[in-house]
Amino acid sequence: MYGLPQLNEVAADLTRSMVARDRYARLAEVLTRALPCDAAAILRLEGDQLRPLAVHGLVPEVLGRRFELDAHPRLAAICAASGPHLFPGDSELPDPFDGLVAGEAPHLAQVHSCLGVPLRVDNELVGVLTADALAPEAFAHIDTDYLRCLGTLAAAVLRTSLLLEVAESDANDRGSLAVRLLNKDRGALPEMLGSSAALDRIRSEVELVAGTELSVLISGATGVGKEHVAASVHRTSARREAPLVHVNCAALPASLAESELFGHERGAFTGADKARRGRFLEADGGTLFLDEIGELPLELQPKLLRALQEGEVQAIGSDRPTRVNVRIVAATNRDLVREIDARRFRSDLYHRLCQFPIHVPPLRERPEDVPVLAALFAERAMRQLGTGPVRLTPSAHAELARYTWPGNVRELQNVIARAVLKSSGPRSERVLLEGAAITAELDGAAQGAPHSAAPVDPSAASDPRPLVDRVLEFKRSQIAAALERSAGNLAAAARELGVERSNLHATVKRLGLPVPGRA
């Protein structure tokens, strides 16, 4: 029943001109016609895990999962096989796609027939293809040579697509394509998971700017994944072999910020018992990621601007500058244009940083990404908590879809992790996340939110000011009240507010409050 005509059909379909994503999807679709299966998947090996490139007959959330070989013995067995591997119907090894077959309830979609073929390029494993059927003995009469030929065709498609991806992403790179194709470090690449138009736009913008030396400013609310965008810019640039150095500007005490960025000589100030290179020198040849750049102290901004314009830094206590070759990527959750208007951010620094802006929209504006991200976080929770396979029911997906996610991707990850923990049983049992479990976590998070204990000001709903201005006003009122209660003692006010004294002093100045005369 399955032989040369099916192979001819596969070969004809796969010779069509398509972009990589379409070619993978087409291959998965063709496999379900070439085999008596309910579902097929093409997975790429990245380090010690398999990443789905395309699936057919499986729920879309599978594309968000990452299958660690240590946690999935069937996939590990396929990777170790020298050719097609057919699992007996009574195999006790858990199937990675149980509960994920499309059109079946998660508790009913039990795979009874499974086969896999390792995909190799020049004897190096680059991925696997899998086929699953709900019917027992579905593959009992499939010829091994037929499967081997099918695997050879699939490997050729995967090889061609990966080579094209490499060539298109860096046409001027004369290094070995095979080395980059088979690079085991690819598993460490940052991921921007999702299928929304917004995420496709961001991927296109990253691809466009990565090959340049332009400074990139990434904007977006807290928790949307700006750091992943920054890492993607670095990892797809010509600087990818050099360091990516992360600096959280919001965590820099004003008194130490200059030393942190530019370094210092031994004895430059009290406590400087040894020299420090600084983050600019650490990132020399690579990328410096300035996270929360809107929090950078105003007095340090001219020095940062000079470093960017002149391409050199001068350590505290040194009498000579040092040349550096650094690409800048910055991120902020603030509206820097408003910050400029409020004289809290320098316009010349803004224009130097914002040579290429990328905006990451909140999760509520890209609901298509929620199921894929939820699946990824469910897989992570399974590994971290040591549970059985995690499956989300339709009611769970419905609850995830109705929520607006004010905490964005970070909140989604926390909700999934807590729901998995509370729904889990023994290690061998599958964890089925129902809608009620998700609802309980969302309701519990809302009840436990810090703002829920404070009375709501009815006038706040009609306040026409932007949120950032209202937050600043709230900060002013809280700090002023703490200073009044402490009779102007900065140290006492800092203890009451739970912040460092130096940070409070800088915040008082930045907010335009009277600076107390006593410490």
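**Close-up views of a predicted model**

**Figure 1. The second largest cavity.** About 40 Å³ of space lies in the second largest cavity of this predicted model. Two cavities of 30 Å³ or more turn up when the whole structure is searched. Gly294, Glu295, Leu296, Glu339, Arg344 and Arg510 line the second largest cavity. Sorted by class, this lining consists of four charged residues, one polar residue and one nonpolar residue.

Figure 2. Glu61 sits in the loop that runs between strand 2 (49-56) and strand 3 (67-68). Is Glu61 buried or exposed? Its relative accessible area is 5%, so Glu61 is buried, the cut-off for buried being under 20%. The side chain of Glu61 makes a polar contact of 2.9 Å with the side chain of Arg65. Leaving aside residues up to four places away in sequence, Glu61 touches Leu100, Pro371, Ala375, Leu392 and His397.

**Figure 3. Helix 7 and what covers it.** Helix 7 spans residues 226-235 and is mostly covered, with seven of its 10 residues buried. The buried residues of helix 7 are Lys226, Val229, Ala230, Ala231, Ser232, Val233 and His234. Which elements cover them? The cover includes helix 6 (197-210) together with strand 7 (216-219), strand 8 (244-248), strand 9 (287-291), strand 12 (327-332) and strand 13 (356-359).

**Figure 4. Leu150 in helix 4.** Leu150 belongs to helix 4, which covers residues 144-169. Leu150 counts as buried because its relative accessibility is 2%, and buried means under 20%. How far apart are the C-alpha atoms of Leu150 and Ala34? They are separated by 8.5 Å, although the two residues lie 116 residues apart along the chain.

**Figure 5. The whole protein, for orientation.** The protein contains 19 helices and 15 strands. Of its 519 residues, 47% are buried. Among contacts with a separation of 6 or more, 68% are between residues 24 or more positions apart. The accessible surface of the protein is about 25100 Å², and carbon and sulfur atoms account for 52% of this surface.

How values were computed. Residues numbered from 1 in each chain as written. Predicted model: local features only at pLDDT ≥ 70, side-chain atom pairs only at ≥ 80, totals over all residues. Heavy atoms only, no water. 1 Å grid on protein atoms, 1.4 Å probe; cavity = no way out; pocket = protein on both sides within 12 Å on 5 of 7 lines; lining within 4 Å. Points joined across faces, edges and corners; volume = space filled by probe spheres on them. Nonpolar A, V, L, I, M, F, W, Y, C, P; charged D, E, K, R; others polar. Helix = DSSP H or I, 4+ residues; strand = E, 2+ residues; numbered from the N terminus. Buried < 20%, exposed > 50% of the residue type's maximum accessible area, 1.4 Å probe, protein only. Polar contact = N/O pair within 3.5 Å; in protein donor to acceptor, adjacent residues only side chain to side chain. Contact = heavy atoms within 4.5 Å. Areas by Shrake-Rupley, 256 points an atom, 1.4 Å probe, with all protein chains shown as cover.
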